[in-house]
Amino acid sequence: MASIASTSSQPKGIAPDRYERVLAVASVILLAVVLTAIGRGHGQWGQVPGLVWFHLLTILVALALTPVMLLRQRGDGWHRWLGWVWSGALFLTALDSFLLHGPGSRFSIIHILSIFTLIQVPIILLSARRHDLKRHRRSVRGMVTGALLIAGFFTFPFDRMLGHWLFG
């Protein structure tokens, strides 16, 4: 009788490990929290600039695709196509973050993660293209951990819009 692991559609070593499953769950939770905050802020939607909506859209795309990318089969055409969409969403998020700022300030500590993202996205794409799976996997994990989850967490405190919407 074959084991479950040997019947997986993913080659050995590419299947999601425990950390990637945790990242996938954390991404779903953050996506749900962001959507809840957006829903609770509906009374103020008209006051939100288009660039902020674009920023939120790119984040939502990346958050929604993260568990899909981490948990589904890897290395096939869908993974590559979704990887381009995911990477593009993160890259655009990082770029447009430099046009967003809070009252009385131009940049915040979160912009360090934007610089990290602008560097990491090409590394992720090149390592995938070169079939350097170890570097690709490590870079994706770092991107999800830092640019999505840590940066995502910091969108709620410190007098930020989503925090106001979520917590009233």
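A salt bridge here is a side-chain nitrogen of Lys or Arg within 4 Å of a carboxyl oxygen of Asp or Glu. By that criterion, Arg72 and Asp76 form one through their side chains, at 3.0 Å from N to O. The model is predicted: local features need pLDDT of at least 70, side-chain atom pairs count only at pLDDT 80 or more, and totals for chains, interfaces and linings use all residues. Residues are numbered from 1 along each chain as its sequence is written, and side-chain values use heavy atoms, with hydrogens and water left out.

## Overall build

The chain has 6 helices and 0 strands. Helices (H or I, at least four residues) and strands (E, at least two) are DSSP runs, numbered from the N terminus. Read from the N terminus, the order is α-α-α-α-α-α. The chain holds 168 residues, and 39% of them count as buried. Buried means under 20% relative accessible area, exposed over 50%, and partly exposed in between (1.4 Å probe, protein chains only). A contact means heavy atoms within 4.5 Å. Among contacts with a separation of 6 or more, 71% come from residues 24 or more positions apart.

## Salt bridges

The whole structure contains 5 salt bridges.

| Pair | N to O distance |
|---|---|
| Asp17 and Arg141 | 2.0 Å |
| Arg74 and Glu20 | 3.1 Å |
| Arg72 and Asp76 | 3.0 Å |

Asp17 and Arg141 pair through their side chains. Asp17 sits in the segment before α1 and Arg141 in helix α5 (residues 133–153), so this bridge ties together parts 124 residues apart in sequence. Asp17 is partly exposed, at 26% relative accessible area. Arg141 is also partly exposed, at 21%.

The side chains of Arg74 and Glu20 meet in a salt bridge. This pair links distant parts of the chain: Arg74 lies in the loop between α2 and α3, Glu20 in helix α1, and 54 residues separate them. Both partners are buried.

In the remaining tabulated pair, Arg72 is partly exposed at 23%, while Asp76 is buried at 18%. A network of salt bridges links Asp17, Glu20, Arg74, Arg137 and Arg141.

## Helices α2 and α3

The axes of α2 (residues 50–71) and α3 come within 9 Å and cross at roughly 145°. Axes are lines fitted to C-alpha atoms, for helices over the stretch in contact, and angles run from 0 to 180 degrees between N-to-C directions. The crossing is left-handed; that is, the near helix is turned anticlockwise from the far one by less than a right angle, whereas clockwise would be right-handed. By class, the contact has 14 nonpolar, 7 polar and 1 charged residues. Ala, Val, Leu, Ile, Met, Phe, Trp, Tyr, Cys and Pro count as nonpolar, Asp, Glu, Lys and Arg as charged, and the others, Gly among them, as polar.

Asp96 is one of the α3 residues that meet α2. Helix α3 spans residues 77–97. Leaving aside neighbours within four places in sequence, Asp96 contacts Leu51, Phe54, His55 and Thr58. Asp96 is buried yet has no salt bridge. The nearest side chain of opposite charge belongs to Arg160, 9.7 Å away. For charge, Lys and Arg count as positive and Asp and Glu as negative; His and the chain ends are not counted.

## Trp45

Trp45 lies in the loop between α1 (18–40) and α2. Trp45 is partly exposed, with 38% relative accessible area. Not counting residues up to four places away in sequence, Trp45 touches Ile38, Gly39, Trp53 and Trp165.
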